[in-house]
Amino acid sequence: AVVSTQSTGEAMKSNLFVLENKGSNFIPLKDFKKPGPKYTRKNFSPEQIEGLEAAFSEHRFVKKDLRRELARKLNLSERSISYWFQNKRARSKPPITMSSDSTSRSVGETTTAPDVAPSSTPPATLGSFPLAT
C-alpha cells in the first residue's frame, strides 16, 4: 500500500516523487540520487607516457606479449594500453586535405569526362564490384 499525503496522480503530475525501482513505494525527488559516471578518466603519468611512446616508436601495433609486459611495468591495464595505441595511431595519421586540383577550381566550373571509346566487352563484375582481370 502506498502511503502519501497526495494522490498518486497528483504526485506524478507535480514531479515531486519518483517511483523506486524495487517496489511501488514513492520516494521524494530531492532524496533520489542520480547514478554517477560509468568510469572516471585517469591521466597517465609522465613515466607511463614515456614508456608507451618508446614502445610505439618500435611497434605501431601492440601484440599480446608486449601488452602484458607494458601493463606489468607501467602499472596499467592491458585494455588501457590497447586503447592508447589505437588512439596514438589515429592521432599520428596525416590530416585529410583536399587535393590541389579540386581547390583550384572556382565554384561555377564543371568538369567533363574525357572521350573514351566504348569497349566491345563489358568489364567483369561481381554485382557492383569490378573484378581484377
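Reader: Which residues of helix H3 are buried?

Author: In H3, which covers residues 64-74, the buried ones are Leu 66, Arg 67, Leu 70, Ala 71 and Leu 74. Buried means under 20% relative accessible area, exposed means over 50%, and partly exposed is in between, with a 1.4 Å probe and protein chains only. Helices (H or I, at least four residues) and strands (E, at least two) are DSSP runs, numbered from the N terminus.

Reader: Where do those buried residues fall, seen down the axis of H3?

Author: They fall within an arc of 135°, so they line one face of the helix. The arc is taken from the directions that run from the helix axis to the C-beta atoms. As background, an α-helix has 3.6 residues a turn, so residues three or four places apart point the same way.

Reader: Before I go on, what kind of model is this?

Author: It's a predicted model, where local features need pLDDT of at least 70 and side-chain atom pairs count only at pLDDT 80 or more, while totals for chains, interfaces and linings use all residues. Residues are numbered from 1 along each chain as its sequence is written, and side-chain values use heavy atoms, with hydrogens and water left out.

Reader: OK, back to H3. Which exposed residues sit on the face turned away from its buried side?

Author: That face carries Asp 65, Arg 72 and Lys 73.

Reader: And what covers the buried residues of H3?

Author: The cover includes helix H2 (46-58) and helix H4 (78-92).

Reader: How do H3 and H4 pack?

Author: Their axes are 9 Å apart, at an angle of about 115°. Axes are lines fitted to C-alpha atoms, for helices over the stretch in contact, and angles run from 0 to 180 degrees between N-to-C directions. The two helices are therefore roughly perpendicular to each other. For the wording: angles under 35 degrees count as roughly parallel, over 145 as roughly antiparallel, 65 to 115 as roughly perpendicular and the rest as oblique.

Reader: Which residues meet there?

Author: From H3, Arg 67, Arg 68, Leu 70 and Ala 71 meet Glu 78, Ile 81, Ser 82 and Phe 85 of H4. By class, that contact has four nonpolar, one polar and three charged residues. Contact means heavy atoms within 4.5 Å. Ala, Val, Leu, Ile, Met, Phe, Trp, Tyr, Cys and Pro count as nonpolar, Asp, Glu, Lys and Arg as charged, and the others, Gly among them, as polar.

Reader: What about H2 and H4, at what angle do they pack?

Author: About 60°, with the axes of H2 and H4 11 Å apart. On the H2 side, Leu 52, Glu 53, Ala 55 and Phe 56 meet Ile 81, Trp 84, Phe 85, Lys 88, Arg 89 and Ser 92 in H4. Those residues divide into six nonpolar, one polar and three charged.

Reader: Switching topic: where does Asn 75 lie?

Author: In the loop between H3 and H4. Asn 75 is exposed, with a relative accessible area of 68%, and has a positive phi of about 60° although it is not a glycine.

Reader: What is Gln 48 in contact with?

Author: Leaving aside neighbours within four places in sequence, Gln 48 is in contact with Leu 74, Asn 75 and Leu 76. Gln 48 lies in helix H2 and is buried, with a relative accessible area of 13%. Gln 48 and Leu 74 are 26 residues apart in sequence and 5.6 Å apart in space, C-alpha to C-alpha.

Reader: Last one: how many helices and strands in the protein chain?

Author: Five helices and four strands, in the pattern α-β-β-α-α-α-α-β-β along the sequence. Of the 133 residues in the chain, 14% are buried.
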